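Student: I'd like to learn how to read a fold from its coordinates. Could we walk through one together?

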Amino acid sequence: MNHLPQAWGRPRDDVYGPYDSSYLQTSAPKTHTQSPIVTGTSVLAVKFKDGVVIAADNLASYGSLARFTQVHRLRPFNSRALVGFGGDISDMQYLDRLLNSLDVKENYSSPGHVMHAKNLHTYLSKVMYKRRTDINPLWNQMLVVGLDGHDKPFLSSVDLLGTTFSSPTLATGFGAHLAQPLLRKLADDEGQVESVTREQAVEAVKECMKVLFYRDARSLDRYSLAVITKDGGVELTEDEQLEGQSWAFAETIRGYGTQVN
């Protein structure tokens with residue numbers, strides 16, 4: 001009797017003859033992207049009265065291993081738009097090449113016309129939804145930030161299902177649980193955005209990156225930070241370092257590890 005797992009449930013060849021597998025599909029569809037291996041964690045963004053601030057750390061984790069520490073997940077598209085990627089790094093690289101080819105095509109076919117952030121968000125939402133309907137999703141959640149067609153701050157999200165939504169503050173990954181409550185203290189609705197200054201927005205994002213480094217095992221203390229405004233365009237720094245860290249709160253945590261009275 002054949003005890004190999006692939007033969008379980010099949011009639012015995014010595015009794016019923018060899019199994020006819022000619023009618024079966026000989027090759028299965030590729031499913032690499034449905035099992036992300038190298039991934040990036042949270043992306044945070046918040047609007048202020050003149051633009052948008054966005055940040056993401058530089059770590060790409062190989063499973064639970066903090067493997068790659070210089071992966072930049074904030075990708076400028078032009079002077080009016082930038083995309084922050086969370087999720088699978090290989091799918092991020094594919095989308096980055098796709099956006100580069102789109103940028104070249106736009107520059108050749110429409111000289112003088114610049115795609116703004118809202119255009120870019122619509123394009124990415126169609127790409128993600130199309131791949132979702134093909135049952136071959138791109139395993140990412142992205143924040144698209146910049147300026148819309150009226151030079152107003154724009155911030156919106158699109159995920160692997162093609163779902164889109166906008167808010168004055170957004171975060172992906174663990175940031176949706178840990179950073180969003182802190183960012184909403186700054187701007188809970190669109191009406192409060194006009195009272196938020198650039199300095200306040202940058203400080204709030206930096207504080208949230210610190211909280212994520214404390215609490216998210218897939219985060220890093222080095223991160224990229226970008227500010228997008230009408231006058232300054234995209235101001236991107238890719239090697240920011242967390243400052244003012246304090247682990248004193250760890251002494252008060254109870255319920256983990258060895259307890260010392």
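Tutor: Gladly! A residue counts as buried under 20% relative accessible area, as exposed over 50%, and as partly exposed in between. Keep in mind that this is a predicted model.

Student: Now helices. How many residues does H2 have, and how far does it reach?

Tutor: The idea is to compare the end-to-end reach with the span expected at 1.5 Å a residue. H2 covers residues 89-109, which is 21 residues, and reaches 30 Å from its first C-alpha to its last, close to the expected 30 Å. Its buried residues are Ile 89, Asp 91, Met 92, Leu 95, Asp 96, Leu 99, Leu 102 and Glu 106. Viewed down the axis of H2, these buried residues fall within an arc of 140°, so they line one face of the helix.

Student: Which exposed residues does the face turned away from the buried side of H2 carry?

Tutor: That face carries Arg 97, Lys 105, Tyr 108 and Ser 109. On the buried side, the residues of H2 pack against several elements, including strand S1 (38-40), strand S7 (81-88) and helix H3 (117-133).

Student: Within what arc do the buried residues of H3 fall?

Tutor: Start with the helix itself: H3 has 17 residues and reaches 24 Å, close to the 24 Å expected. Its buried residues are Ala 117, Leu 120, His 121, Leu 124, Ser 125, Val 127, Met 128 and Arg 131. Down the axis of H3 they fall within an arc of 165°, so they too line one face of the helix. Their cover includes H2, S6 and strand S9 (153-158).

Student: What about strands? How many residues of S3 are buried?

Tutor: In a regular strand, side chains alternate between the two faces of the sheet. For S3 (residues 51-57), 7 of the 7 residues are buried, so the strand is largely enclosed by the rest of the structure. Both of its faces are covered, with Gly 51, Val 53, Ala 55 and Asp 57 on one side and Val 52, Ile 54 and Ala 56 on the other.

Student: How many bridges join S3 to S12?

Tutor: There are 7, and S3 and S12 (residues 222-229) run antiparallel. Ala 45, for example, has Ile 54 in S3 as its bridge partner.

Student: Last topic: how much space lies in the largest cavity?

Tutor: Rolling a probe the size of a water molecule over the atoms shows where empty space is left. Here the count is 1 cavity of 30 Å³ or more, and the largest cavity holds about 40 Å³. Its lining includes Thr 41, Asp 57, Phe 213 and Leu 220. Helix H7 (residues 198-215) gives the largest share of that lining, 3 residues.

Technical notes:
Residues numbered from 1 in each chain as written. Predicted model: local features only at pLDDT ≥ 70, side-chain atom pairs only at ≥ 80, totals over all residues. Heavy atoms only, no water. Helix = DSSP H or I, 4+ residues; strand = E, 2+ residues; numbered from the N terminus. Expected span 1.5 Å × (residues − 1). Buried < 20%, exposed > 50% of the residue type's maximum accessible area, 1.4 Å probe, protein only. Arc of directions from axis to C-beta. Contact = heavy atoms within 4.5 Å. Pairing = 2+ DSSP bridges. 1 Å grid on protein atoms, 1.4 Å probe; cavity = no way out; pocket = protein on both sides within 12 Å on 5 of 7 lines; lining within 4 Å. Points joined across faces, edges and corners; volume = space filled by probe spheres on them.
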